[in-house]
Amino acid sequence: MLIREIIAGLFMSAGFFFFLTATLGLLRLPDFYSRMHATGKGDTLAVLFSLIGLAVYEGFSITSVKIVLIAVFMFLAQPTATHAISRAAFRCNVKPFTNVEGTNK
Amino acid sequence: MNTFFLVIGIGMCLLVLFCLFRVTYGPTILNRAVGISAVGTKTLIILLIIGVIHHRVEMFVDISMVYALLNFIGCLVLAKYLERTGEV
């Protein structure tokens, strides 16, 4: 087993872990904004870890350069999409989750 | 190492199924949009893992790049449309 494969395996495992937490947040959190918070940050980090792991596994070639380009694009695009959907929800008057009395502690 | 990528890919497919729960039963269309975005992000990684397993990454990486672009554009267009209509 090469050391390149060990590093790639570690990065892929970290990416899978963050995908798992993001999906758990998407399923279990109570309202729209908190679900957005879980997937917006968790998916971005997970995609970065997975793509870096795949690029390390490929070695230095034109393919790994393309994979790094996808990683840079996702690092810019995913927070933009999250912000756009959250702003659409805010302009559509989606109320955030508060406690029962509505005192918003 | 091939078995490792296979296990990661199958686990990612299970996560896509869990995300499809939110897409199907989400209370409003915004929740469905978030679920679709998460499914698209996972599909990008699954495509690359399929390429690694078949030793054809140089073909699948272009498909994955186009998928990332289309996911972003679709998400942005949906957000703009919902913002303009003003109701969910």
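The largest nonpolar core of this predicted model has 52 residues. A nonpolar core is a set of buried Ala, Val, Leu, Ile, Met, Phe, Trp, Tyr and Cys residues joined through C-beta atoms within 7 Å. Buried means that 20 or more other C-beta atoms lie within 10 Å of a residue's own; exposed means 12 or fewer, partly exposed falls in between, and C-beta atoms are placed from the backbone. A:Ile85, B:Leu48 and B:Cys75 have the most contacts inside the core. The largest share, 12 residues, comes from α2(A).

This is a predicted model, in which local features need pLDDT of at least 70, side-chain atom pairs count only at pLDDT 80 or more, and totals for chains, interfaces and linings use all residues. Residues are numbered from 1 along each chain as its sequence is written, while chains are lettered from A and ligands numbered from 1 in the order in which they are written.

Take B:Leu48. Leaving out residues up to four places away in sequence, B:Leu48 touches A:Leu54, B:Val57, B:Phe60, B:Val61 and B:Ser64. Contact here means C-beta atoms, placed from the backbone, within 7 Å.

Now chain B as a whole. Chain B has 3 helices and 0 strands. Helices (H or I, at least four residues) and strands (E, at least two) are DSSP runs, numbered from the N terminus. The radius of gyration of chain B is well over the value from the globule rule for 88 residues, so chain B is more spread out than a compact globule. That radius is taken over C-alpha atoms, and the rule is 2.2 Å times the number of residues to the power 0.38.

| Property of chain B | Value |
|---|---|
| Radius of gyration | 15 Å |
| C-alpha box along the principal axes | roughly 50 × 25 × 10 Å |

Look next at α1(B). Its buried residues are B:Phe5, B:Ile8, B:Met12, B:Leu15, B:Cys19 and B:Arg22. They pack against α1 of chain A together with α2 of chain B.

The chains also meet directly. In all, 37 residues of chain B are in contact with 36 residues of chain A. On chain B, α1, α2 and α3 each supply at least two residues of the touching side. That side divides into 25 nonpolar, 7 polar and 5 charged residues. Asp, Glu, Lys and Arg count as charged; Ala, Val, Leu, Ile, Met, Phe, Trp, Tyr, Cys and Pro as nonpolar; the others, Gly among them, as polar.

Technical notes. Contact = placed C-beta atoms within 7 Å.
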